[in-house]
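Here is a short briefing for you to read alongside the coordinates. Take a look at the entry below, and then we can walk through it together.

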Amino acid sequence: MEEEWVCIVPKVELHAHLNGSIRNSTLLELARELAQKGTIVFSDFEHVIRKNDRTLREVFKLFDLIHVVTTDHKTITRITKEVVEDFAAENVVYLELRTTPKRNDSIGMSKRSYMEAVIDGLRSTSSSNLDINFSSDDFEKFSKFKTEKKIIVRLLLSIDRRESTASAMETVNLALEMKGMGVIGIDLSGNPTVGEWETFLPALKFAREQGLSVTLHCGEVPTSVEIQSMLDFLPGRIGHACCFEDEEWRKLKSYKIPVDLCSYIYFNDMFVYLAVFISIFFCIQVEICLTSNIRPETISSIDVHHFANLYKENHPIVLCTDDSGVFSTSLSNEYALVSSTFGLGKLELFELARKAVDFIFAGNDVKKELMKVYESAARTL
Ligand code: IMP
Ligand code: ZN
């Protein structure tokens with residue numbers, strides 16, 4: 001598969017962590033600056049940053065190191081801008097960027113001010129040739145597609161598994177306050193060997209009752225009881241699903257989520273709004289992060305990755321990067337990997353990318369916009 005072609009295809013990225021998507025060059029530059037101030041030892045950082053193969057434990061140690069150099073407002077704004085630019089550069093047309101709001105009293109950072117720094121990054125991206133489409137009227141000026149590389153960005157707030165119920169609830173409340181600023185959902189992530197599902201359940205239930213979408217990191221380690229409880233919660237999407245046993249696969253494939261939606265139909269080169277509510281049933285969709293599963297050996301080899309089975313059975317899946325910086329990948333690379341490993345041709349890859357539009361957490365207005373992008377790409381690619 002020509003790399004150039006995979007790059008040109010419009011793509012939808014639904015599972016990308018802000019601090020995991022940081023450029024290596026930026027990370028090294030920030031580490032060098034802090035080392036000059038004597039705050040950190042550069043060689044400690046360089047060793048971990050440049051390392052290619054990491055165990056899952058080492059991955060989470062790396063995140064703690066990354067947070068040491070990134071967690072101030074100015075840097076968060078900078079890396080947000082860069083991450084969005086990098087995705088836009090490879091023709092990601094819709095991005096759900098997730099990040100864990102962080103509090104750091106020593107520098108006057110609250111979870112809210114952290115998120116404001118993220119939003120400043122999105123705004124500065126828009127002024128430097130990219131269009132960020134927010135749902136709020138306040139952001140209407142960002143919603144006009146003026147340039148060639150257009151990317152619609154939405155935000156998911158992550159709850160780290162190290163957090164308490166109160167802290168998780170604080171994140172959900174913040175997401176609700178920031179709903180008009182592009183925040184549309186909640187993610188549960190962090191080291192899968194830490195924390196209990198029951199700790200986060202009240203906050204996740206509340207999030208859903210309040211109309212936020214929820215995605216869960218699920219089955220990164222073989223914790224059968226937790227995996228099943230997560231599936232019983234009926235999240236809109238889950239990430240990974242690496243360590244599922246037969247019973248978990250059965251649940252995943254049989255569970256259906258009822259969703260009421262207004263639909264658009266494509267007719268005579270126009271989208272016609274179907275002015276009736278129809279109830280349809282969605283399966284729990286799976287965010288597949290191949291490189292991220294292979295590098296820390298969560299899955300032993302790519303040939304045995306569950307992508308093949310889910311794809312064959314037509315279960316809803318979406319290819320994602322997870323942490324493009326930490327795992328040195330890109331969304332185009334993930335599509336190329338699927339092509340070379342599982343033999344998908346251009347038509348199948350295009351369909352895989354297009355179907356991801358159905359799984360976005362943003363509403364029908366955005367879906368309609370994206371369907372137009374794919375209609376037009378289908379004519380030229
Ligand atoms: P941040 O939320 O922007 O700080 O992005 C980094 C954070 O995302 C990490 O500290 C983890 O909590 C979470 N994260 C990134 N990759 C993974 C993963 O593969 N599994 C679980 N959590 C992850
Ligand atoms: Zn993840």
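What follows covers the metal site and the cysteines. Please keep in mind that this is a predicted model. Four protein residues hold the zinc ion (ligand 2): His15, His17, His217 and Asp322. As for disulfides, a search of the whole structure finds 0.

**The zinc site**
- The angles subtended by the 4 donor atoms run from 82 to 168 degrees, so the arrangement around the zinc ion (ligand 2) is irregular.
- For a tetrahedral label, all angles would have to lie between 85 and 135 degrees.

**Where the donors sit**
- Along the chain, the donors of the zinc ion (ligand 2) follow the spacing H-x1-H-x199-H-x104-D.
- His17 belongs to strand β1 (residues 11-17), whereas Asp322 is in the loop between β10 (317-319) and α13 (331-342), so this pair ties together parts that are 305 residues apart in sequence.
- His17 is buried, at 13% relative accessible area.
- Asp322 is buried as well, with a relative accessibility of 4%.

- Cys7 is partly exposed, with 25% relative accessibility.
- Cys320 is in no disulfide, and the nearest cysteine sulfur, which belongs to Cys289, is 5.1 Å away.
- A disulfide would need the two sulfur atoms to be within 2.5 Å.
- Cys320 is buried, its relative accessible area being 0%.

Technical notes
Residues are numbered from 1 along each chain as its sequence is written. Chains are lettered from A and ligands numbered from 1 in the order in which they are written. This is a predicted model: local features need pLDDT of at least 70, side-chain atom pairs count only at pLDDT 80 or more; totals for chains, interfaces and linings use all residues. Side-chain values use heavy atoms; hydrogens and water are left out. Donors are N, O and S atoms within 2.8 Å of the metal (3.2 Å for Na, K and Ca); water is not among the atoms, so sites may look incomplete. Four donors count as tetrahedral if all angles lie between 85 and 135 degrees; four count as square planar and six as octahedral if opposite donors are over 155 degrees apart and all others between 65 and 115; anything else is irregular. Helices (H or I, at least four residues) and strands (E, at least two) are DSSP runs, numbered from the N terminus. Buried means under 20% relative accessible area, exposed over 50%, partly exposed in between (1.4 Å probe, protein chains only).
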